[in-house]
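Please examine the model below before reading on.

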Amino acid sequence: MWMIAAIMSAGFAGLTAILAKCGIKKTDSDIATALRTIVVLLFAWIMVFITGSADTISRIRPGELFFLLLSGAATGASWMCYFKALSIGDVNKVVPIDKSSTVLTVLLAMILFQETDHLAGKLTGTAMLGTGVILMVEKKTGAEKAGSRVYILYAVGSAVFAALTSILAKIGISNVDSNLGTAVRTIVVLVMAWLIVAVKGKLPELKVLDKKELLFISLSGIATGASWLCYYHAIQNGIVSVVVPIDKMSLLLTVIFSYFVFHERLSRKAVLGLILMLAGTLLMAVFA
């Protein structure tokens with residue numbers, strides 16, 4: 001069941017990207033993220049009460065709550081580092097570093113959770129994933145943004161925090177219902193998302209939101225909530241080093257949809273990267 005949950009997580013995550021793209025043509029991405037997080041939070045707590053896990057809130061031990069909050073903080077920190085890196089560095093250099101979080105997560109899971117069965121196969125799959133991610137990054141035309149090499153620190157920070165998000169969540173929901181764990185950590189993400197909007201002085205832009213885009217943003221929030229619920233159920237019950245790369249395959253759905261609807265084509269290098277990522281994921285699933 002955890003494997004099915006991981007696949008569903010990827011599907012909803014891919015749908016999230018599609019809906020979000022339709023919702024940020026005019027709306028600022030930071031504001032869209034903050035608004036989407038509100039929907040995710042509502043969706044998560046609704047699921048908590050539907051499943052009856054709200055009754056277990058009092059049973060969350062301080063140590064588990066601590067790791068859940070850390071997981072949420074890691075997500076928020078990853079977002080802040082990522083957007084800071086993009087603002088001062090070249091996109092083509094920031095993105096590959098950020099995407100390396102997948103490989104880092106798998107390696108940390110092997111070390112911390114002793115997920116070392118069929119080590120050679122997993123390491124081979126991890127290498128294929130890493131190579132595929134690098135090949136998937138398209139080189140964009142246009143003038144490069146001026147900025148110092150400090151962006152590297154922020155990009156590395158983004159990747160590290162993203163990897164820590166999954167690891168800390170695994171620890172934090174070991175004895176906590178995954179729906180409840182998702183709801184708790186989303187509170188932290190929500191606070192950090194709105195802090196980003198406030199710090200950047202974008203709150204006045206809320207008055208001129210496009211209603212159609214707000215609908216797509218809300219739908220993307222529902223898809224995000226569904227993806228997170230599936231993802232953390234898979235994390236709680238499955239093998240982290242397998243769940244994470246499967247979840248990243250949401251890219252496949254996004255690529256297919258973009259090709260048919262937005263007419264976005266991949267270069268031969270990017271196609272090779274996508275094939276390597278799929279092959280690496282399948283290899284790791286086989287050795288689960």
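**Helix packing in a predicted model**

Helix α8 passes helix α9 in a right-handed crossing. The structure discussed here is a predicted model. Two packed helices are described by the angle between their axes and the distance between the axes. For α8 and α9, the axes come within 9 Å and cross at roughly 120°. An angle of 65 to 115 degrees would count as roughly perpendicular and one over 145 as roughly antiparallel; α8 and α9 are therefore oblique to each other.

The residues that form this contact can be located on both helices. On the side of α8, Ser178, Asn179, Thr182, Arg185, Thr186 and Val189 take part. They meet Trp228, Leu229, Tyr232, His233 and Gln236 of α9. Sorted by class, the contact of α8 with α9 comprises four nonpolar, six polar and one charged residues.

Helix α9, which spans residues 211-237, also packs against helix α1, formed by residues 2-23. The axes of α1 and α9 come within 7 Å and cross at roughly 160°. Since angles over 145 degrees count as roughly antiparallel, this value makes α1 roughly antiparallel to α9. The crossing of α1 with α9 is left-handed. In the contact of α1 with α9 there are 18 nonpolar, eight polar and one charged residues.

Attention may now return to helix α8, which covers residues 178-199 and contains Leu195. Is Leu195 buried, partly exposed or exposed? Its relative accessible area is 49%. Because exposed residues must lie over 50% and buried ones under 20%, Leu195 counts as partly exposed.

How many helices and strands does the protein have? There are 12 helices and zero strands, and from the N terminus on the elements accordingly read α-α-α-α-α-α-α-α-α-α-α-α. Among contacts between residues at least 6 apart in sequence, 89% join residues at least 24 apart.

Finally, burial and surface may be considered for the whole protein. Of its 288 residues, 47% count as buried. The accessible surface comes to about 14200 Å², and carbon and sulfur atoms account for 70% of that area.

Notes
Residues are numbered from 1 along each chain as its sequence is written. This is a predicted model: local features need pLDDT of at least 70, side-chain atom pairs count only at pLDDT 80 or more; totals for chains, interfaces and linings use all residues. Side-chain values use heavy atoms; hydrogens and water are left out. Helices (H or I, at least four residues) and strands (E, at least two) are DSSP runs, numbered from the N terminus. Buried means under 20% relative accessible area, exposed over 50%, partly exposed in between (1.4 Å probe, protein chains only). Axes are lines fitted to C-alpha atoms, for helices over the stretch in contact, and angles run from 0 to 180 degrees between N-to-C directions. Angles under 35 degrees count as roughly parallel, over 145 as roughly antiparallel, 65 to 115 as roughly perpendicular and the rest as oblique. A crossing is left-handed if the near helix is turned anticlockwise from the far one by less than a right angle, and right-handed if clockwise. Ala, Val, Leu, Ile, Met, Phe, Trp, Tyr, Cys and Pro count as nonpolar, Asp, Glu, Lys and Arg as charged, and the others, Gly among them, as polar. Contact means heavy atoms within 4.5 Å. Accessible areas come from the Shrake-Rupley method with a 1.4 Å probe; for residues, only the protein chains shown count as cover.
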